[in-house]
Amino acid sequence: MTKVLMKGNEAIGAAAIAAGCKYFFGYPITPQSELPEYMSRELPKIGGVFLQSESEVAAINMVYGASGAGARVMTSSSSPGISLKQEGISYIAAAELPCLICNIMRGGPGLGGIQPSQTDYFQATRGGGNGDYRLLAFAPANIQEMVDLIIEGFDLADIYRNPVMICGDGMLGQMMEPVEFTNHTKRELPEKTWATTGTQGKRKPNIINSLYLEASILEDHNKHLIEKYNKIKENEVRVETVGLEDAQLVFSAYGTTSRIVKSAMTMLQEEGYKVGLIRPITIWPYPYDAFKKINEKCKDILVVEMNTGQMTDDVKIAVEGRQKVHFHGRQGGMIPSPEEIAQVARELLGGK
Amino acid sequence: MEHKIVMAGFGGQGIMAIGQLTTYAGMVEGKHVSWLPSYGPEMRGGTANCAVIISDTPVSAPTVTASTAGIIMNAPSLDKFEPEALPGAKFFINSSLIDRKIQRDDIEGFYIPVNDIAAEIGNPKVANIVMLGAFLEITKVVSPETVLKVFTKVFGENKAKFIPMNQKAMEEGSKYAKKQRVNA
C-alpha cells in the first residue's frame, strides 16, 4: 500500500480500524477531538458503533461492557478526560479485560491547557486508579510508530487480557506525517472463553467482576496479576538506543521530545561531542536494563521531558547510582527547542 | 538538505492549507516530511502558523525554531519569526499587508503583494496560492506540478474544478518572484 499523509489523531482511528476495532466510546476534548470525529464518520461504514457518551466516566464503562462481551474496543481522551476514566481503567485491569486507551496529553494539572505535554507519565506507569495494577503503556515518537503500536497493542491486550495505553502528546495528535498501513503479522490470539456471550444452555455463565470480599481470594487474584505483569516485563520491553558504547553524555527521552533531542544530538555531534540516547518505547514495562549498556566512562544522563521530570525516577532506578541523573524540561505546553537542549548538554559536557 | 519552513499569518489566510500542499508534494517526491500546526485556541483573525519540514533524511524535531525559509502573511508574524531565522534564510513577505522590510541583513527578503495579485486575477481567496507560487519559484522545495497533482488529495476530489484557478495563481506568484529576483 502507498503512503498517505495523515494527521496523528486520524491515523490512530485508521490504525484501530485496521486492527479490527469496531467500537469506540468517547467524549471530545482538545487536542484529540479529530479522533472521535474520524471514528464517528468511519465506524458506521463498516458496521461498527461510534458513541459519544455523556461523560468520560460513561465512556470507559461502555468500554468495560463491550470488552466483557468479547468485542475489540477502544476509547481516547486527553489528560483531564483520562483522569476521569481512572476508576473504570482500574476496574478493567482488575477484571482482566482487553482494550486500548489513547491519551493525547496536554498541559496540567487540573484543566490545564490545550498545548502538548507529557504530564501523565506517572499516571500511565504507576496506575492512575486505585489498587495495584499496571497498564502496558507505549510512548510512540512518530505517527508510523504509533500506527504500528496500536495495531499490535490490540493483540497484546488480548494476549495478556490487560488494558493497553498509547501515550502521545498534542504534537503527535495534531501533526501530519506520511504513514503506511502495511500487512502486520497476525498473531495467534487466545479464544475469549471468559466473555459474556450467552451460555446457550451449554456452560455455566461467565461473570465479569472486580469485587473479591474474601481477603485470601483477593490475594490470590493479586498474585495472579503480579505473575502476569512479570511476564509482560519479561517479554514486552521495547527501547531504542543510540551510541551508548562511546557516549560522553546519554540523553533519555520518549515520544516527540525524543525527536527534538535527536536534533540537539546532531548539533552536538557536529561540534565533536559523543552523545547517546535511550528512548523508552514502552514506558511500562520500563527498559531498566538498557541503562546497563552505557559505557563506564559516561557519568551523566540528561533526561528531557515536557513535564517536571517524572521519568527521572525510573532513570535513577535504572542507573543504580552509576551515573548522575540531570533533567531539562518544559511545562505548561511549552516545547523545548533543540538549541536549548544542546546548550544544557554543553554545560554538562564542560563546554561553554 | 533539510528545508525547515515556517508559514504564518492570520487564521483564514490559508496558511495551514499551503503548508499541507507543500508537505504532501514533498512526500510524493520521495522526501521525508512533517507538518506541525500551531493549534492554540485560534480562530479566523487569530494568529495561525505551521512548521513544514522537507528533508533528504528522516525528520527529527518536527518543530521549527531556526528556519531556512518563511512565508509571512501578516505583520505580527514577521516580528515573531524574523529573529529566529537561520542566516541565509529566504523570507517571503506579503507586501499587500506588511509595510516594513526585513531588518536583518543576513536573511533574504522577497516582497510579494499577494492580495493585490489575487484580486487582479479575480479571486482574493487564492492569495495564499500566489504566495506558494512565488515561494516555490525561488526555493524549489517541491515542484509546482507536484503541488497541482496532490491538490485533490489535500482538499478532496470535489475541489478538482478549482485547479485551473489555483494553477493560474501559482503562475502569477512565480512570475512576480522571478521578476523581483532579476531586479534585485
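Which residue of β13(A) is the bridge partner of A:L249? The partner is A:D300. This is a predicted model, in which local features need pLDDT of at least 70, side-chain atom pairs count only at pLDDT 80 or more, and totals for chains, interfaces and linings use all residues. Residues are numbered from 1 along each chain as its sequence is written, while chains are lettered from A and ligands numbered from 1 in the order in which they are written.

The bridge belongs to β10 (residues 249-252) and β13 (residues 300-305) of chain A, parallel strands joined by four bridges. Strands are DSSP runs of E of at least two residues, and helices are runs of H or I of at least four, numbered from the N terminus; two strands pair if DSSP finds at least two bridges between them. In chain A, five strands make up an open sheet of mixed pairing, ordered β9-β11-β10-β13-β14. Because β9 (239-242) and β14 (324-329) of chain A each have a single partner strand, one side of each lacks a neighbour in the sheet.

Helix α10 (residues 255-270) of chain A packs on this sheet, touching β10, β11 (275-280) and β13 of chain A, where contact requires C-beta atoms, placed from the backbone, within 7 Å.

Turning to packing elsewhere, A:I150 touches A:I12, A:A15, A:A16, A:A19, A:L100 and A:I166, leaving aside residues up to four places away in sequence. Helix α12 (residues 338-348) of chain A lies across β10, β11, β13 and β14 of chain A.

How values were computed: Contact = placed C-beta atoms within 7 Å. Axes fitted to C-alpha atoms, helices over the stretch in contact; angles between N-to-C directions.
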